[in-house]
Amino acid sequence: MIVGILGCGAIANLITGFVRDGRVPVELGFFYDRDLERAENLASMVDGTAVLDVRDMLPEVDLVVEAASPEAVRELVPVVLEAGRDVVVMSVGALMDPELRKMLEETASRNNATIHVPSGAIVGLDGLKAASVGTIESVKLVTRKPPRSLGISMDEKKVLYRGRASEAVKRFPLNINVAAALSLACDRDIEVEIIADPVVDRNVHEVTVRGDFGEFKTITENVRCSVNPKTSVMAAYSAIRLLKSLSENMHVGT
Ligand SMILES: NC(=O)C1=CN([C@@H]2O[C@H](COP(=O)(O)OP(=O)(O)OC[C@H]3O[C@@H](n4cnc5c(N)ncnc54)[C@H](O)[C@@H]3O)[C@@H](O)[C@H]2O)C=CC1
Ligand SMILES: O=C([O-])CC(=O)C(=O)O
């Protein structure tokens with residue numbers, strides 16, 4: 001499978017390192033970033049090609065990993081799908097816009113392409129998907145990040161947001177994709193709390209789900225990427241695992 005990368009930051013950097021070390025059975029052939037130097041840096045790690053426009057890689061690749069921004073999902077993912085190429089979307093928050101999601105799903109269907117959304121920096125999507133076959137009563141996410149991860153500076157713990165996922169992704173577009181992944185997994189606009197906490201040095205996500213299956217609670221204490229502390233290493237690992245799964249004949253987990 002030949003893979004192209006759209007967005008050459010923290011997540012792409014980890015994926016490229018794994019491919020370079022022979023730990024993912026894909027060829028990373030092409031790299032695009034609006035900052036050409038970033039694309040060139042990653043391309044040089046795996047003997048790939050940096051392109052000036054994402055369109056330039058489409059005739060050559062089977063799949064594109066979007067690890068850029070919500071704006072890239074709106075503007076460039078439709079172009080990838082129109083070309084009949086599969087896509088992995090990391091900027092999941094963009095998919096909380098129902099019109100955009102519908103348009104992308106229709107474009108994918110028309111062009112026989114698939115949109116993959118990895119679990120990202122959160123755990124428990126498997127259980128949540130299974131639980132949603134029955135009746136779900138409530139899903140709540142509490143995210144705690146160091147203020148620096150949220151792009152602010154403060155000495156005391158502060159609740160920055162309490163509300164629904166759809167609004168959270170608008171207010172914190174680069175920080176709460178996990179809320180979107182959870183919402184999409186159970187087809188409801190989940191409850192979200194975002195806390196800036198100077199005491200934590202990890203990105204911590206706590207999920208509580210109640211339904212007719214019973215109840216589960218998950219806590220993920222994520223190490224942050226050195227390249228971008230907003231982003232957890234687990235987010236990149238989930239994309240890497242997804243790329244491996246795509247070449248396997250057995251799928252474990254919902
Ligand atoms: N699903 C999840 O659980 C998680 C998702 N994310 C999201 O994944 C995406 C990538 O994250 P990181 O690698 O940490 O970001 P990053 O900021 O380290 O890198 C993003 C790169 O994409 C490029 N870029 C952004 N918009 C672009 C566009 N329209 N066209 C071309 N290049 C563009 C930037 O120049 C930058 O080099 C972000 O949207 C982030 O919010 C991050 C963490 C967890
Ligand atoms: O990486 C994380 O821990 C979460 C994150 O930034 C996001 O969901 O956008």
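**Close-up views of a predicted model**

View 1. His-205 is buried, with a relative accessible area of 2%, where buried means under 20%, exposed over 50% and partly exposed in between, with a 1.4 Å probe and protein chains only. This residue belongs to strand S10, residues 203–211; strands (E, at least two residues) and helices (H or I, at least four) are DSSP runs, numbered from the N terminus. The side chains of His-205 and Thr-143 are joined by a polar contact of 2.9 Å, the term standing for a pair of N or O atoms within 3.5 Å, of which, within protein, one must be able to donate a hydrogen and the other to accept it, while residues adjacent in sequence count only if both atoms are side-chain atoms. Leaving aside residues up to four places away in sequence, His-205 touches others including Leu-141, Lys-145, Val-178 and Asn-222, contact meaning heavy atoms within 4.5 Å.

The model is predicted, so that local features need pLDDT of at least 70 and side-chain atom pairs count only at pLDDT 80 or more, whereas totals for chains, interfaces and linings use all residues. Residues are numbered from 1 along each chain as its sequence is written, chains are lettered from A and ligands numbered from 1 in the order in which they are written, and side-chain values use heavy atoms, with hydrogens and water left out.

**View 2. Helix H8 and its packing.** Nine of the ten residues of H8 are buried, among them Asn-177, Val-178, Leu-182 and Cys-186. The buried residues of this helix pack against helix H6 (125–131), strand S7 (136–145), helix H7 (165–171), strand S9 (191–196) and S10. After H8 comes Asp-187, whose phi is positive, near 55°.

**View 3. The shell around ligand 1.** Ligand 1 is surrounded by 26 residues, of which Asp-33, Arg-38, Ser-69, Ser-91 and Thr-231 are the closest, a residue being near if one of its heavy atoms lies within 4 Å. At least two residues of this shell come from each of helix H1 (10–20), helix H3 (70–75) and helix H8 (177–186).

**View 4. Polar atoms facing ligand 1.** A nitrogen atom of ligand 1 is 2.7 Å from an N or O atom in the side chain of Ser-69, and an oxygen atom of the ligand is 2.9 Å from a polar backbone atom of Ile-11. For Leu-174, a backbone N or O atom lies 3.5 Å from an oxygen atom of ligand 1. The protein covers 90% of the 870 Å² of accessible area that ligand 1 has on its own, as computed by the Shrake-Rupley method with a 1.4 Å probe.
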